Amino acid sequence: MRIDILTILPKLLESPLSDSIMKRAQEKGHLELHIHNIRDYSEQKQKSVDDYQYGGGAGMVMMCQPIADCIEKLQSEREYDAIIYMTPDGKRLNQVTCNHLSSFQNIMILCGHYKGVDQRIRDLYITNEISIGDYVLSGGELGAAVLVDAVVRLIPGVINDETSALTDSFQDNLLAPPVYTRPEDYKGTKVPSILLSGDSKKIEDWRNEQALKRTQEKRPDLLKE
Ligand code: ADE
């Protein structure tokens, strides 16, 4: 998968996407990541990328020209399956959307700042508007990093253990069951004996029960979906 991210703060994205699983995904050729500085496309004297909003009011708006030029340059080079805008008023990100996006070849992600981007960019180019939660971040970059991480780990081959991503929380609208590692007894609290039984059928049944119980307790809304 190729992902192009358009931002005015490239540094904010470089670190979270160049370590651990995202690093390995790139080394193994599953992910080709390109980060573009929108400022490089500005035709303004000071390389500015924002301006006052029409109608007045506090806060600057990211102007059309640099963003449109960057998007159009990329579009002239390849076709994009999705051009995503990270925004708190977008559709709330969930595992279903991540699964869907993980099957795409080329994705572009636009990160907003200030009051956001000129509405005409959204109208002319954007195919999906995504929010990572009901709170406002200073910009779309951290949201984009979350989105890329959640999507890329689902690409077959990115995670070593193929089944691992499939047993994550949310994959079947259930939270994941509790997990344990050594020692068997920690400060008097013991690992549930069934996990030491070696009976894989019983262990699977126990994990399913625990997943259901945990979901009922912590996220009953998921069971209604
Ligand atoms: N930009 C600012 N807040 C955001 C949010 N909650 N999700 C995605 N992008 C954002």
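Predicted model: local features only at pLDDT ≥ 70, side-chain atom pairs only at ≥ 80, totals over all residues.
Residues are numbered from 1 along each chain as its sequence is written, and side-chain values use heavy atoms, with hydrogens and water left out.

The C-alpha trace of the protein chain spans about 70 × 40 × 35 Å along its principal axes. The chain holds eight helices and nine strands; helices (H or I, at least four residues) and strands (E, at least two) are DSSP runs, numbered from the N terminus. Domain 1 covers 2-152 and domain 2 covers 167-224, with bounds that come from an automatic or database domain assignment. Between the C-alpha centres of domain 1 and domain 2 there are 36 Å.

Of the 225 residues in the protein chain, 40% are buried. Here buried means under 20% relative accessible area, exposed means over 50%, and partly exposed is in between (1.4 Å probe, protein chains only). The accessible surface of the protein chain comes to about 13,500 Å², with 50% of it supplied by carbon and sulfur atoms. Such areas come from the Shrake-Rupley method with a 1.4 Å probe, and for residues only the protein chains shown count as cover. Contact means heavy atoms within 4.5 Å. Among contacts in the protein chain with a separation of 6 or more, 74% join residues 24 or more positions apart.

In soluble globular proteins, nonpolar side chains tend to be buried together. A nonpolar core is taken as a set of buried Ala, Val, Leu, Ile, Met, Phe, Trp, Tyr and Cys residues joined through side-chain atoms within 4.5 Å. The largest such core has 31 residues, and those with the most contacts inside it are Ile 3, Ile 5, Ile 84, Leu 101, Ile 109, Leu 147 and Val 152. Two or more residues each come from β1 (2-7), α2 (20-27), β5 (82-92), α4 (95-101), β6 (106-111) and α6. Helix α6 gives the most to this core, with six residues. Apart from neighbours within four places in sequence, Ile 84 has contacts that include Leu 101, Ile 109, Ile 126, Ile 130 and Leu 147. A second, separate core has 19 residues, among them Val 49, Ile 67, Ala 68 and Tyr 80.

Gln 95 is in helix α4 and counts as buried because its relative accessibility is 16%. With neighbours within four places in sequence left aside, Gln 95 is in contact with Leu 154, Phe 170 and Gln 171. Leu 222 is in helix α8 (residues 220-224) and counts as buried because its relative accessibility is 5%. Leu 222 and Leu 174 are 48 residues apart in sequence, while their C-alpha atoms are 7.0 Å apart in space.

Side chains of opposite charge can pair when their charged atoms come close. A salt bridge is a side-chain nitrogen of Lys or Arg within 4 Å of a carboxyl oxygen of Asp or Glu, and by this rule there are 14 salt bridges. Arg 153 and Asp 168 form one, at 2.4 Å from N to O. Both residues of this pair are in the loop between α6 (141-152) and β8 (185-186), 15 residues apart. Lys 213 pairs with Glu 217, with the closest N and O atoms 3.9 Å apart. Both lie in helix α7 (residues 200-218), four residues apart, about one turn of the helix. Lys 213 is partly exposed at 42% relative accessible area, whereas Glu 217 is exposed at 56%. Lys 202 and Asp 199 form a salt bridge at 4.0 Å, N to O; Lys 202 is partly exposed at 48%, and Asp 199 is partly exposed at 29%. A network of salt bridges links Arg 2, Asp 4 and Glu 32.

On the surface, Leu 9, Leu 12, Tyr 135, Leu 137 and Leu 142 form a nonpolar patch with about 420 Å² of accessible area together. Patches are made of residues with over 30% relative accessible area and no salt bridge; like charges are joined within 9 Å, and nonpolar side chains (Val, Leu, Ile, Met, Phe, Trp, Tyr) within 5 Å. Leu 142 is in helix α6 and is partly exposed, with a relative accessible area of 46%.
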